[in-house]
Amino acid sequence: LSESVRRLHDEQHAATPGYSERAHHLDRLRTTQALCNALEVTPWQRDLALGVMDEIDLTEFGSQRAIEKVALVAIRHVVDVDRQQYFGLDEIDAQTLSADRMEELFAEYRAHDITDEESFKRLAADYGLDTTSLNRLRRVLKSQLEDELPAYGRNPYRDPNLPDATDSETNAADMAASGSES
């Protein structure tokens with residue numbers, strides 16, 4: 001088969017309805033995955049960043065809506081939220097801690113900031129992101145997200161080795177319906 005016929009059959013041809021939308025969506029995910037690999041984030045942080053990029057509307061970012069820029073902002077946000085959860089900063093009652101302990105926790109938290117890593121600094125500079133634009137774009141990102149970060153492809157609160165509860169309920173209802181018909 002010719003290349004154009006093969007691409008048309010695989011729905012990878014520009015003439016196929018919805019192709020540009022699918023290609024753009026895949027570009028978002030591929031670019032985010034590549035940046036996650038370059039920054040050496042954990043697999044969980046990568047899945048969260050992919051989930052964020054899958055859900056957000058890039059037009060909200062205005063002239064700064066390039067996939068690479070938004071992906072870096074999403075990765076930074078995901079890593080920061082994960083770091084806050086790891087150190088338990090959301091659960092700490094600041095009134096019960098001494099000033100020294102607060103400084104110690106803050107120093108430990110700051111020591112793991114992704115924006116201080118050389119690879120992140122280099123990528124941010126390559127795409128024209130300074131601290132001000134990173135913070136501004138992060139506010140836009142936060143306004144689009146719900147309370148919980150979406151994980152791409154999996155639910156962190158569910159064992160992937162167990163069947164879905166909704167699947168088993170549906171199967172049980174189907175079996176009951178087919179049993180009553182016989």
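Reader: Which residues are in contact with Arg-83, leaving aside its neighbours within four places in sequence?
Author: In this predicted model, Arg-83 is in contact with Tyr-109, Arg-110, His-112 and Asp-113, when neighbours within four places in sequence are left aside. Arg-83 itself lies in helix α4.

Reader: Is Arg-83 buried or exposed?
Author: A residue counts as buried when its relative accessible area is under 20%. Arg-83 has a relative accessible area of 7%, and it is therefore buried.

Reader: How should I think about the inside of a protein?
Author: In soluble globular proteins, nonpolar side chains tend to be buried together. In this model the largest nonpolar core has 32 residues. Those with the most contacts inside this core are Leu-39, Val-52, Met-53, Ile-56, Phe-61, Ile-75 and Leu-141.

Reader: Which helices each supply at least two residues of this core?
Author: They are α2 (19-39), α3 (43-55), α4 (67-87), α6 (118-126) and α7 (131-144). Helix α4 gives the most, with 10 residues.

Reader: What is in contact with Ile-56, leaving aside its neighbours within four places in sequence?
Author: Ile-56 is in contact with Arg-28, Phe-61, Val-70, Leu-141, Gln-144 and Leu-145, once neighbours within four places in sequence are left aside.

Reader: How does one describe a pair of packed helices?
Author: Two packed helices are described by the angle between their axes and the distance between the axes. Here α2 and α4 pack at an angle of about 55 degrees, and their axes are 9 Å apart. The two helices, α2 and α4, are therefore oblique to each other. The crossing in which α2 passes α4 is right-handed.

Reader: Which residues make the contact of α2 with α4?
Author: From α2 come His-24, Asp-27, Arg-28, Thr-31, Thr-32, Leu-35, Cys-36 and Leu-39, while α4 brings Ile-67, Glu-68, Ala-71, Leu-72 and Ile-75. By type, the residues of this contact are 7 nonpolar, 3 polar and 3 charged.

Reader: At what angle do the axes of α4 and α7 cross?
Author: The axes of α4 and α7 cross at roughly 75 degrees and come within 9 Å. An angle of 65 to 115 degrees counts as roughly perpendicular, so α4 is roughly perpendicular to α7. In this contact, Val-73, Ala-74, Arg-76, His-77, Asp-80 and Val-81 of α4 meet Leu-134, Asn-135, Leu-137, Arg-138, Leu-141 and Lys-142 of α7. The residues of the contact of α4 with α7 comprise 6 nonpolar, 2 polar and 4 charged.

Notes: Residues numbered from 1 in each chain as written. Predicted model: local features only at pLDDT ≥ 70, side-chain atom pairs only at ≥ 80, totals over all residues. Heavy atoms only, no water. Core = buried A, V, L, I, M, F, W, Y, C linked by side-chain atoms within 4.5 Å. Buried < 20%, exposed > 50% of the residue type's maximum accessible area, 1.4 Å probe, protein only. Helix = DSSP H or I, 4+ residues; strand = E, 2+ residues; numbered from the N terminus. Contact = heavy atoms within 4.5 Å. Axes fitted to C-alpha atoms, helices over the stretch in contact; angles between N-to-C directions. Parallel < 35°, antiparallel > 145°, perpendicular 65-115°, else oblique. Left-handed = near helix turned anticlockwise from the far one by under 90°. Nonpolar A, V, L, I, M, F, W, Y, C, P; charged D, E, K, R; others polar.
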